[in-house]
Each structure stands twice: as structure tokens, then as C-alpha cells.
Amino acid sequence: MPEPLRCTGSITTRELRFSRAMIFAIEEINNSTELLPGIKLGYQIYDSCASVPVAVHVAFQLSNGLDPAFYTGDNCSQSGMVKAVVGETGSTPSISMSRIIGPFNIPQVSHFATCACLSDKQQYPSFLRTVPSDQFQAEALAKLVKHFGWTWIGAVRSDSDYGNNGMASFLDAARKEGICVEYSESFYRTHPRSRFQKVADVIRRSTAMVVVAFAAFGDLRLLLEELSLEPSPPRQWIGSEAWVTDTELLRFSFCAGAIGFGIERSVIPGLRDFLLDLSPSKVAASPVLTEFWEDAFNCRLGKSAATDERVCDGTEDIKTLQSPYTDTSQLRITNMVYKAVYAIAHAIHKAVCQKTNSTTQCDKFTKIESKEVLTQLKKVNFSRNGYDVSFDANGDPVARYELVNWQQSESGSIEMVTVGQYDASLPVGQKFRINRNLTWVDGGTQVPVSVCTDSCSPGTRKVLQKGKSICCYDCLPCPEGEISNATDSPDCFPCPKEFWPNAERDTCLPKPVEFLSYNEVLGIILATFSVGGACLAIITAAVFYRHRTSPIVRANNSELSFLLLFSLTLCFLCSLTFIGAPSEWSCMLRHTAFGITFVLCMSCVLGKTIVVLMAFKATLPGSNVMKWFGPPQQRMTVLSFTFIQVLICTTWLGLSPPFPMKNLTIYKKRIILECALGSAIGFWAVLGYIGLLSFFCFVLAVLARKLPDNFNEAKLITFSMLIFCAVWITFIPAYLSSPGKFTVAVEIFAILASSFGLILCIFAPKCFIILFKPEKNTKKHLMNKNQF
């Protein structure tokens, strides 16, 4: 035969208060004229010793019926028949009991078994409770942790149904809130000390500031005692209702600042007087009260069994005793016991009592089954001392909690202060509220920080660290061209095409628009040279006009010279159209004006070259070639060559004209406002035609360079064509390789360089003679065979 089950350890005074509260409630009901009038409730209290085997043994006893010897002489009508059970305090013993008494439909109402698993009516059909399910508490704790921005926490739990299921619900809710757990350790009061040492070491070594403890009071007390031997770094404790409202744990000063959800604090009128009403006869009649009395006052009732033990002499005053039994300032779970008794009484009342007119009649001889009590128990809905009592379909009450904070008083002691509420019946967003300042670990007023990695600021993105939790990450700057404008952004996103990130990469700013402007140094320099060149051409024309009758002007075909100077003036001025913000009209004008004016210029140079050749041919005997290339033919030649360019430009503008565009590809951080060619063929056709004419001029000038007489300007044309061709040959690679506005600058430079080359090479020597060597400006000198 196995050894009989025995309780070990000392009595838990809080559990004693629970049992005495049940007796108090039953006596209130038995003395009531409204609830079960004329009917007395009987009871039997068992000590389960917080042991599952003992609880199972009790459950079998209850299922078999109570011993009739308990009711001898009490005139009980239904002695030995159990109608309901109040208990157990722990979830694991409650689960074991419910599996046994459930098939017999004996209702079980627990005051403190909070495991969410007990809401499963398929497994526990007769189980109800007056304390909320841990499912609500787990969700509330997760929201509490998230509210204060803690994303990196440690977790410890009782290795029991209460701790394991409660922590599982919490971790699931925490995961949905984006909270990560550094460690999750379990322990139980029966584990060896080495287990508690291991858990304590994990807490000491951890980096998480916040520790969530989903543990029973007795289990956590052993862990805190282990931690007190070698205090850990400051930790912010978050507690479940099983321990965070227990006054016995307030002695652990390193837990100051702990917060957690507790059952609502309540007031039960008359309970304190009842608890203190312990006469010597009552104490002596109860083995449990005797043990409590002897432990509380450190004495023995009756004769002492040892010489060193003091005998209680009757001077002991329980009113002066500081004990959880006498402390009614924090009636939380006690009220759950009180409500459980009243819920059962109301269910029995519904089963055996009927209200006729204004009176209630109860038949105590009516035989009721426990199943009927269970049915009525599920329907109860009443209020007692201002506290509502009802059950949902799962046998759970409405979840209401108080947020409790362990605050240090002025005297240095730690006291529990209610700082907020949680009501699951309220709409989302209104369930959780804090209405008072909290104090934190070490008495601080600043919310402690508990994160694996500090938040990534805007302008960076989170990159998870390999092999670690999602809350542990590195903050990397956003790539070039991308931003993040939120804290802890998982990704960066690119700016729109016309925008670019600021230096912090947290916002997109419009890209600066760049073009060759009159306001910048380069634009001013080029515009100055352009206007200066035009003025030089006009001054040259004025000098030629002033000396138009002089031999040197007349000898160099004055009509073509004036036309050439006019075209050069236009060449200088057309470069101004390349400066400034491109528009639709300026884009079409700049290329066509450039093309036509340069062809006009080249036509004049070509005409002058042909005139030189024809003039020397005409000096040969019998030659009358000049009559075939006189002034009318010269004008027609210039107009014909120019008309071809006009035709090319007209076709270009008609089919695919240049247009302004924003170039976003050359620079990442700037927008280049430029003129798109429209048709590249048209652009290169214009340049090609100019190049063809200049090539002809160069060939003819080379052929005429050794002709005699000082009036021969073929050498000057040759040299000007060398400069012209060199400029435009080097222009092509420079134009193709220059970025942004420098493309335009290269084109302007080519226009100005070639124009200055023409005017200086062709006209500068003549102007020098006209102005500074007038003695050479004679027909005799020009006809001299010496070098010019």
C-alpha cells in the first residue's frame, strides 16, 4: 500500500484567509432572508497542500459523496450530496480536479485558477471561475510592454499549467506586438536549488532590462530569494496577478518599480471583524487554526512537548498581528472566493426557490441534482457589494484588472499603488488607461529602455543581424537616391525622378535645375566674347565702309567683304541664343540660326576664294572668265549655298524639331535643362553641310595660295580655314563627351573660336594697313609682286 498523503511545509496564511472568507460568505447567506430563506448551506473544507495528488484524492472523495458522519444531528435534508466545489487556487490542481468531477456534472467554481486552457468546455464542461482567464491578462501584459516601448525582454515562468499556458499566451500576443524575447526560463518550487541558480544567472547576464514573470507566488519567492543573494543589475519586473499583488513579496527591495495587472481591489463589509474573531475555543477546535496560531505567536496551545517551547498563555492578541491573514487592505482574490460562494448560492436559489407575490418560498426538501445547479450557475447575473457576477459561454467573467505599481514610500518601505485599469469589455483603444504617475526600477521617474538595438533614425533602414531575433538589427544608411522618413523603417524607397534626398536622407528635395545661365561666370564670359565679337565685326565693317574707295578695300571684293562681316556679326550673336533657359522657340532658333549664318559666312568665304582664282585666270591672254563670275554670279552663288542650308533646316524643323528637355541621366543630383536635337540626322546634316563648304573653301584657298600680287588674300583664307576646320574637328569629340551645360559651352566656344579665326585672319591685316600703314594702301603697292 502506498504511504498516506501528507502535507509538508508551513501553512499559507493567505490560503487560510480564503477559506475563512468562504465560511464568512456562507454564514452571511445562511442568515439572509432574501437569498435561500429557510435553507442552510453546509460545507467541508479540504487542504490540498498545493499538491496535485492531494487535490486528486479530494476530488475522488467529493465524487463518491461525503461521509454522513459529518452531518449527524444536523437535520440536513440532503447530507452527503455535493452540489458544487469552490477551488482550487492553482490551475494545475484545478485541471486535475475538473477532469474527475466534470463527468459527474459537479460544478467547480475556482477563485484563482486562471489558465486559459480551462476555458475549453470540451475538456472542462463543469468548470467556471470568478477570476479572469490568463488569455486576457496575457494580452493586457503584451499591450503594457508595447505601450512603454519595450521590445527586448526576458521571460520567466512557473513550470506548471498556469505558468506554461500563461506565458505561451503572452509570447503569442507579444509576437503580434513586435516584441522579442531574449530568454524564457521555467522553474518550480520543487526543483532543486541549482535550477533557481541557473535562472538567476540568466537574468544577471542578460541584456534585457525588462523581465516578465508569469509565475505563482510560491515559485517566484524562491527565485527572488536566490537573486537577493547576489543582486543582478537593475531590472524592471512585470508581473502577473498571481504574485504582483502579494504583500509578502514587497520585502524584496530590488523589485521596487515592478508593475503588473492584479485583480480589482475590493471591500467586503464585516470580513475583517470575522477574521479577527478567533476565540481560544474556535482555534483549539480546528487543527488548521491551531497550526496558524502557534506559527503566528510562536507558542504552543496546551501542554508544551518540549522544555524550550513557550506555552500560549492567552495574552496573544490577533488584532496586533501583522500577517497576510489579517491584512484586508488588499482584498483581491479573497473577493473572488466571496463571489464564487454567492454565485453557487444564487444557482441553488434559482433551482429550489420560487417568488410568489412579494415573498420568496424555498423548499429545502426538493431534491436537486448537481447538473441542475451547473445549469443555473451558467445563467447567474447579480451584483454583490457593487461587484457584478456573471459568466460567459466559456465560464469566464468579464476581465477587469488594476494596474499595480510597487512604489517606495517616504518611510522607505515598498507599497502597492493602483495606477491604472484594464477593462476587456470596453471598445478597442479604451481598454487600457493609466491615470497616475509610475515609478520605475530604483525609484526612477524616467521610463527605462529595454531594446536589443536602439531605434533606427529616419535616413536609415533596419538590417537584421544574422542568427538573431528580429529585434536585433543594424542601422544602415539608405543607398544613394533613397530615403526613409520613419523611425525603424525596414526599407528605403527611391525619390521621384526629379527629386533627390537631403544630406540626412530622410526627405526628398527637388533637384536643382542646371543650364548655362547669364548669371554664372561661364555664361557671362561667353556672352561678353559674343557681344565683343559682334562689335568687332561692326567696327571692321565701319572701317571698311569709311575706306570703301581705298584700293585695298576695292581689291578684296568689297561687296562680299561686307556680306561676310554681316554674316560674322550674326555668327557672334547667334551664340547668345545658347545661353539661358531653353524654351521651345530658343531650341529651334539656336541651331537653325547657327546653321544658316555659318553657311552664309562660308558661302561668302567660298565666293571670295573663287573670285581670287577667277581674277588670276582672267589675267591670262584671251581669258574672259570674269564675265562668267561677276557680281551677279557671286550673289547667286552665296544665295544658292545658303538656300540649301535653309532647306535642310526647314526640313529638320518640320519633321522633328529640337525641343527643351530635362536630362535626368547625366547627373544623379541635378537636372540638366537642355535642348534635345529632335532629329540627330538633321543636326549632323547641318554640321555636315557647313563642314563640306569649309572643306571646299580650304581646298580652293590652298590652290590659290601661291598666286602672285599683294592683293591675293588666298593665304589669309587658307589660314582662317585651317583654324575653322581645326576648331570644328575637335568640337565633335568634345561635344559628345562634355556633360550637361558644358555641352552648350563647347558649342558656343566652337562658334566664337571659328568666328574670331575668320575675322582676325581675313580682316585684321587689312584693317592694320588701313589704319596704321596708309602708305601701303595704294594701287602701286598692291600691284607689287613683293610679298604682302
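Trainee: What makes Cys 452 and Cys 472 a disulfide?
Mentor: A disulfide is a pair of cysteine sulfur atoms within 2.5 Å, and the sulfur atoms of Cys 452 and Cys 472 are 1.9 Å apart, so the pair meets the definition. Please keep in mind that this is a predicted model, in which local features need pLDDT of at least 70, side-chain atom pairs count only at pLDDT 80 or more, and totals for chains, interfaces and linings use all residues. Residues are numbered from 1 along each chain as its sequence is written, and side-chain values use heavy atoms, with hydrogens and water left out.

Trainee: Why is Cys 452 called partly exposed, and why is Cys 472 called buried?
Mentor: Buried means under 20% relative accessible area, exposed means over 50%, and partly exposed lies in between (1.4 Å probe, protein chains only). Cys 452 has 28% relative accessibility and is therefore partly exposed, whereas Cys 472, with a relative accessible area of 2%, is buried.

Trainee: What does the disulfide of Cys 180 and Cys 471 tie together?
Mentor: The sulfur atoms of Cys 180 and Cys 471 are 1.9 Å apart. Cys 180 lies in strand 5 (residues 180-187), and Cys 471 in the loop between strand 16 (460-464) and strand 17 (473-477), so the pair ties together parts that are 291 residues apart in sequence. Strands (E, at least two residues) are DSSP runs, numbered from the N terminus.

Trainee: Why is the aromatic pair of Phe 695 and Phe 696 called tilted?
Mentor: Rings of Phe, Tyr and Trp (its six-membered ring) pair if their centres lie within 6.5 Å; planes under 30 degrees apart count as stacked, over 60 as edge-to-face and the rest as tilted. For Phe 695 and Phe 696 the centres are 6.3 Å apart and the planes are at 45 degrees, so the rings pair and the pair is tilted.

Trainee: How do you know that Lys 462 lies over the face of Tyr 473?
Mentor: A charge sits over a ring if NZ of Lys or CZ of Arg is within 6 Å of the ring centre and within 35 degrees of the ring normal. Lys 462 is at 4.8 Å from the ring centre of Tyr 473 and lies over its face.

Notes. Helices (H or I, at least four residues) and strands (E, at least two) are DSSP runs, numbered from the N terminus.
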